[in-house]
Amino acid sequence: MENRTLGQLTVSAQGLGCMGMSEFYTGAGDGQDVAAEAERTIQRALDLGVTFLDTADMYGPFTNEQLVGRAIAGRRDEVVLATKFGNERTPDGGMVGINGRPEYVRSACDASLQRLGVDVIDLYYQHRVDTSVPVEDTWGALRELVEAGKVRYTGISEAAPETIRRAHAVQPVTAVQTEYSLWSRDPEDDGVLATCAELGIGFVAYSPIGRGFLSGQIRSVEDLAPDDYRRNSPRFQGEAFTQNLELVDRVREIAEAKGVTATQLALAWVMAQSDRDGKPTIVPIPGTKRVAYLEENAAAADVRLTDDDLRRLDDVAPAGAAVGDRYADMSSVHR
């Protein structure tokens, strides 16, 4: 796996999103010890050079950081470790709200360090923007964490261009994390990618396979477990689901002609956007808890897309092609 540089931070050109190992994508139903398989997946990722791991305190809640910490024990020097704060939850899973208060930033960081079993977090993100707290106050606390040696670099997730600029003026933003894929191309039009490129900030693309939809393996909402959170996503419901399947099928046809899976094509497309047409350096972080899917994802790094391939994908999956909002409640994103 090659490396790419986000701001001043060098990471593997593809990362691993760990969220689904603990929550949200559930109901595997195959009798496996999911946590043990997830740990094996993380360790296999490191073997393959996929060393950029992404978690957050809210995943689980709290248990995902513990899982990642167990998996990297003894291999800390191989890992670029990213986690997040800001979506405050209770131990029983309840949602408290978005919290960007400086005292919370400091306490959340200490708690994450303990759960992860590490002395420093390589990349610490503000997970969502708290509009009740000036972003300068939140980022002043992050700057203090960097100065204290608890955090190496800082990032922000789902933030609007002006918010990114304000944060960057207080403490350098190393990476902006936002959903980006063939069916979520909003950052191309809303100024986020352009802002990152202008300021020398890297971009981390979460859900680069469209929450699994672009794999082509989800043909009906019944393919999702009853407790899978995607059932509540507007894109997975009713007529929107039907129309989005047409987009997926067009992508799959191109993938089959190229001799790769639809998943690999979707990932290769995101990776090919890096430093292209005025965009910043881009690193996707596909999520999985299965070794087999991890290996399929990692192989996408070897897929080379021609200019003709990219034009065909732009034709079948232009910006705005997906039907439905990304979340049932969009109020907490792009602030």
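Tutor: Residue classes come first: Ala, Val, Leu, Ile, Met, Phe, Trp, Tyr, Cys and Pro count as nonpolar, Asp, Glu, Lys and Arg as charged, and the others, Gly among them, as polar. By that scheme the second largest pocket is lined by 11 nonpolar, no polar and five charged residues. The model is a predicted one, in which local features need pLDDT of at least 70 and side-chain atom pairs pLDDT 80 or more, while totals for chains, interfaces and linings use all residues. Residues are numbered from 1 along each chain as its sequence is written, and side-chain values use heavy atoms, without hydrogens and water.

Student: How much space lies in the second largest pocket?

Tutor: Rolling a probe the size of a water molecule over the atoms shows where empty space is left. On a 1 Å grid over the protein atoms alone, a pocket is an open set of points where a 1.4 Å probe fits, with protein on both sides within 12 Å along at least five of seven lines; lining residues have an atom within 4 Å of a point. Points are joined across faces, edges and corners, and the volume is the space filled by probe spheres set on them. Here the second largest pocket holds about 290 Å³. Of its 16 lining residues, Met271, Ala300, Ala301, Asp302 and Arg304 are the closest to its centre.

Student: Which helix supplies the largest share of that lining?

Tutor: Helices are DSSP runs (H or I, at least four residues) and strands likewise (E, at least two), numbered from the N terminus. The largest share, three residues, comes from α9. Both α9 (262–272) and α10 (291–299) supply at least two residues each.

Student: At what angle do α9 and α11 cross?

Tutor: Axes are lines fitted to C-alpha atoms, for helices over the stretch in contact, and angles run from 0 to 180 degrees between N-to-C directions. The axes of α9 and α11 cross at roughly 105° and come within 11 Å. The two helices are therefore roughly perpendicular, a term for angles of 65 to 115 degrees. Leu265, Trp269 and Ala272 of α9 make the contact (heavy atoms within 4.5 Å) with Leu310, Leu313 and Asp314 of α11.

Student: Where is the cis peptide bond?

Tutor: Most residues other than glycine have a negative phi, and most peptide bonds are trans. The bond from Gly60 to Pro61 is cis, with omega near -5°. Pro61 lies in the loop between β4 (52–54) and α2 (63–72). Phe62, in the loop between β4 and α2, has a positive phi near 75°.

Note on methods: Parallel < 35°, antiparallel > 145°, perpendicular 65-115°, else oblique.
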